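Open the model in your viewer and keep the selection panel at hand. This tour tells you what to select next and what you will find there.

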Amino acid sequence: MRSSQSLGMSDTRTLASAKRMLRKDVMTCNKAVAESVKLCDVDVIAAYPITPQTSIVEYLAEFVAKKEIDAEYIKVESEHSALSALVGASPAGARTFTATSSQGLILMSEVMFTASGMRLPIVMANANRALSAPLNIWNDQQDSLAVRDSGWIQFYAENNQEALDYVIQCYKISENKKVMLPSMVNLDGFYLTHTLEPTEIPDKKDVKKFLPPYEPEYRLDPESPLTFGFFAGPDSYQEFRYEQQKAMENAERVIKEAAKDYYGFTGRKYSAIEEYKLDKKDTVLLTVGSVSGTVKEVVDKLEKKYSVGVAKLRMFRPFPFEEIRRIASRAKIIGVIEKDVIIGVNQGAVATEIKNALYGSKSIPVLSFIVGLGGRDTPPSTVEKIIKICENALEKPEKESYWMDLK
Amino acid sequence: MREIRFHGRGGQGAVTAAELLAVAAFYDGKYSQAFPFFGVERRGAPVTAFARIDDKFIRIRSQIYEPDYIIVQDASLLDAVNVSEGLKQNGEIIINTEKTAAEIRPKLKLKKEAKVYTVNATKVALDVLGVPIVNTAMLGALACATKEVTLDSIKKAIEKRFPEKLAVKNIKAVEEAYRQMKE
């Protein structure tokens with residue numbers, strides 16, 4: 001019955017069929033990501049190793065060498081080149097994958113805007129890690145939030161299973177003709193990348209059914225020449241940008257459809273926000289990524305003492321404005337727990353977006369809690385402190401922003 | 001939930017030990033989690049690794065501050081690191097040393113309910129493996145002292161992890177440490 005617990009499945013039919021199709025093993029998140037790429041029949045992989053993403057690249061290189069993946073593995077000298085190689089391969093009709101982290105992502109950022117502007121359904125795994133300087137190899141989410149405006153869809157995983165599941169869904173979403181935008185799956189460095197835990201690998205046959213081969217509407221073909229991402233003057237550039245925005249809006253619906261289909265063969269439910277014990281609660285702790293699990297544990301422990309629940313934000317782009325407004329309409333205060341800060345704003349990027357979502361609707365306090373920068377651990381005691389601050393702020397918040405565990 | 005903290009030195013396989021324990025617990029039908037203390041690995045430097053075992057999926061992601069069990073792979077760490085920090089009141093600590101538990105106990109700041117076990121894992125590793133890599137031997141000692149994981153599952157985890165020749169030797173080390181611990 002173990003699988004039924006982890007999958008949260010209600011009807012026995014789904015349970016029985018899921019049991020038949022799933023393989024379970026203990027693995028790190030980096031391994032889970034590599035396994036998911038194997039399931040997706042990727043044609044071209046180009047990536048450059050960087051801590052804590054490295055073992056993703058190693059596993060994929062091994063899979064290609066052993067012919068477990070029938071893909072071209074392009075060795076490159078930098079992350080900029082890695083994504084550039086895919087910007088060449090993707091318009092030719094190839095299903096592509098890359099993985100990076102931190103400095104690598106920032107080096108890639110120039111090409112990220114290009115990939116999105118060219119409407120290429122590239123999928124990337126990003127191992128969330130702090131940015132230099134000072135040099136730091138540990139986890140926070142500054143890297144991916146720094147490229148929030150690059151036109152990539154962004155998911156954040158709480159655990160290894162989610163990371164694996166997102167990669168598979170990302171191809172389905174990105175390759176949809178109404179979307180055609182690249183996607184990024186974010187996994188917290190070390191907290192997920194290097195953590196072993198039970199993870200279920202779907203059956204390849206089911207994934208194939210869910211994710212048919214990539215058939216682009218337009219592709220590079222010498223027989224009928226086209227150009228991608230070439231040049232657009234003042235007469236048309238603005239329209240290209242508008243189309244990107246529309247595509248991101250379309251993605252919301254497509255993400256929901258993909259989640260529904262994915263549930264059909266895995267029994268695992270995905271939505272923009274996972275609500276945990278949120279019903280009739282005063283305080284909503286809004287979380288992103290792996291810290292969500294620790295926060296849920298603390299909420300379980302303190303639920304008799306405090307009126308508190310968790311809203312786990314699973315995607316940052318597109319941003320689920322409607323869902324945030326719905327959750328806020330039933331709550332009295334939102335505490336956003338996030339591992340990044342916008343220097344000059346003194347809040348995290350998620351908190352400011354929540355406020356953006358609530359502008360003009362029900363006004364409740366939104367507090368920004370900055371935790372875990374550069375890998376500082378977020379123990380249950382820190383979460384307890386956050387709950388108490390929110391509780392005290394129900395009457396009148398003292399301030400908007402809290403740097404937790406600052407020395 | 002049971003929380004286990006491993007202390008070793010870089011190159012002694014503390015991270016591998018935590019991972020093998022998590023895999024073994026999974027084979028026992030439990031949920032598990034293993035992760036390193038996220039450091040820059042250097043040979044000889046103090047290394048910490050963590051494992052959790054439970055009957056349900058483990059959601060908590062923070063480091064382990066109040067372990068049920070502590071494994072010390074290198075007794076020289078007792079002078080460098082506060083290895084027993086946060087050990088639960090009736091927790092257990094297993095130390096690789098040639099000394100007896102009674103001899104080593106005064107070096108640790110322990111509550112009186114806490115248990116100390118010692119095993120000469122270095123000797124086991126040198127005899128069986130020919131190298132002083134004690135991680136698998138310490139798992140044998142852990143299995144015997146705590147009963148949190150079965151010997152069979154540890155062997156299975158080792159078979160899966162290592163090439164056959166190395167697996168056979170490491171399984172011997174596990175069995176020998178288990179046997180010595182039993183005595």
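Start by selecting the contact between the two chains. Chain A contributes 23 residues and chain B contributes 21 residues; two residues are in contact if their C-beta atoms, placed from the backbone, lie within 7 Å. On chain A, highlight helix H1 (2-7), strand S8 (197-201) and helix H11 (291-302): each supplies at least two residues of the side that touches chain B. H11(A) gives the most, with five residues. Helices (H or I, at least four residues) and strands (E, at least two) are DSSP runs, numbered from the N terminus.

Now colour the side of chain A that touches chain B by residue class. Ten residues are nonpolar, nine polar and four charged. Here Ala, Val, Leu, Ile, Met, Phe, Trp, Tyr, Cys and Pro count as nonpolar, Asp, Glu, Lys and Arg as charged, and the others, Gly among them, as polar.

A word on the source before moving on: this is a predicted model, in which local features need pLDDT of at least 70 and side-chain atom pairs count only at pLDDT 80 or more, while totals for chains, interfaces and linings use all residues. Residues are numbered from 1 along each chain as its sequence is written, and chains are lettered from A and ligands numbered from 1 in the order in which they are written.

**The sheet of chain A**

Select the strands of chain A in the order S3-S2-S4-S5-S7-S6-S12: they form an open sheet of seven strands with mixed pairing. Two strands pair if DSSP finds at least two bridges between them. The edges are strand S3 (72-75) and strand S12 (315-317), each of which pairs on one side only. Neighbouring strands of this sheet are turned by 20° against each other on average, direction ignored. Axes are lines fitted to C-alpha atoms, for helices over the stretch in contact, and angles run from 0 to 180 degrees between N-to-C directions.

Zoom in on strand S4 (residues 96-100) of chain A. Buried or exposed? Five of its five residues are buried, a residue being buried if 20 or more other C-beta atoms lie within 10 Å of its own, exposed if 12 or fewer, and partly exposed in between, with C-beta atoms placed from the backbone. Show the side chains. In a regular strand they alternate between the two faces of the sheet. In S4(A), Thr96(A), Thr98(A) and Thr100(A) point one way, and Phe97(A) and Ala99(A) the other way.

Next, look at what S4(A) pairs with. Strand S2 (residues 44-47) of chain A runs parallel to S4(A), joined by two bridges. Pick Val44(A): its bridge partner in S4(A) is Thr96(A). Strand S5 (residues 123-128) of chain A is also parallel to S4(A), over four bridges. There, Ala99(A) has Ala125(A) as its bridge partner.

S4(A), H6(A) and S5(A) make a right-handed β-α-β unit: with the strands pointing away from the viewer, the path from the first strand over the helix to the second runs clockwise.

Step on from S5(A) to strand S7 (residues 183-188) of chain A. Six bridges pair S5(A) and S7(A) in the parallel sense. One to click is Val123(A), whose bridge partner in S7(A) is Ser183(A).

**Backbone stops in chain A**

Most residues other than glycine have a negative phi, and most peptide bonds are trans.

- Ala133(A) and Pro134(A) are joined by a cis peptide bond, with omega about 0°. Pro134(A) is in the loop between S5 and helix H7 (142-146) of chain A.
- Arg317(A) and Pro318(A) are also joined by a cis peptide bond, with omega about -5°. Pro318(A) is in the loop between S12 and helix H12 (321-329) of chain A.
- Phe190(A) has a positive phi, near 65°. Find Phe190(A) in the loop between S7 and S8 of chain A. Phe190(A) counts as buried because it has 26 C-beta neighbours inside 10 Å.
- Lys280(A) has a positive phi, near 55°. Find Lys280(A) in the loop between strand S9 (273-276) and strand S10 (283-288) of chain A. Lys280(A) counts as exposed because it has 9 C-beta neighbours inside 10 Å.

**The sheet of chain B**

Switch to chain B. Six strands form an open sheet in the order S2-S3-S1-S4-S5-S6, with mixed pairing. Strand S2 (31-36) and strand S6 (115-119) of chain B are the edges. The twist averages 15° from one strand to the next.

Select strand S1 (residues 2-9) and strand S4 (residues 69-72) of chain B: they run parallel, joined by four bridges. His7(B) has Val72(B) as its bridge partner in S4(B).

Finish with helix H4 (residues 135-146) of chain B. H4(B) lies across S4, strand S5 (92-96) and S6 of chain B, running at about 150° to S5(B).
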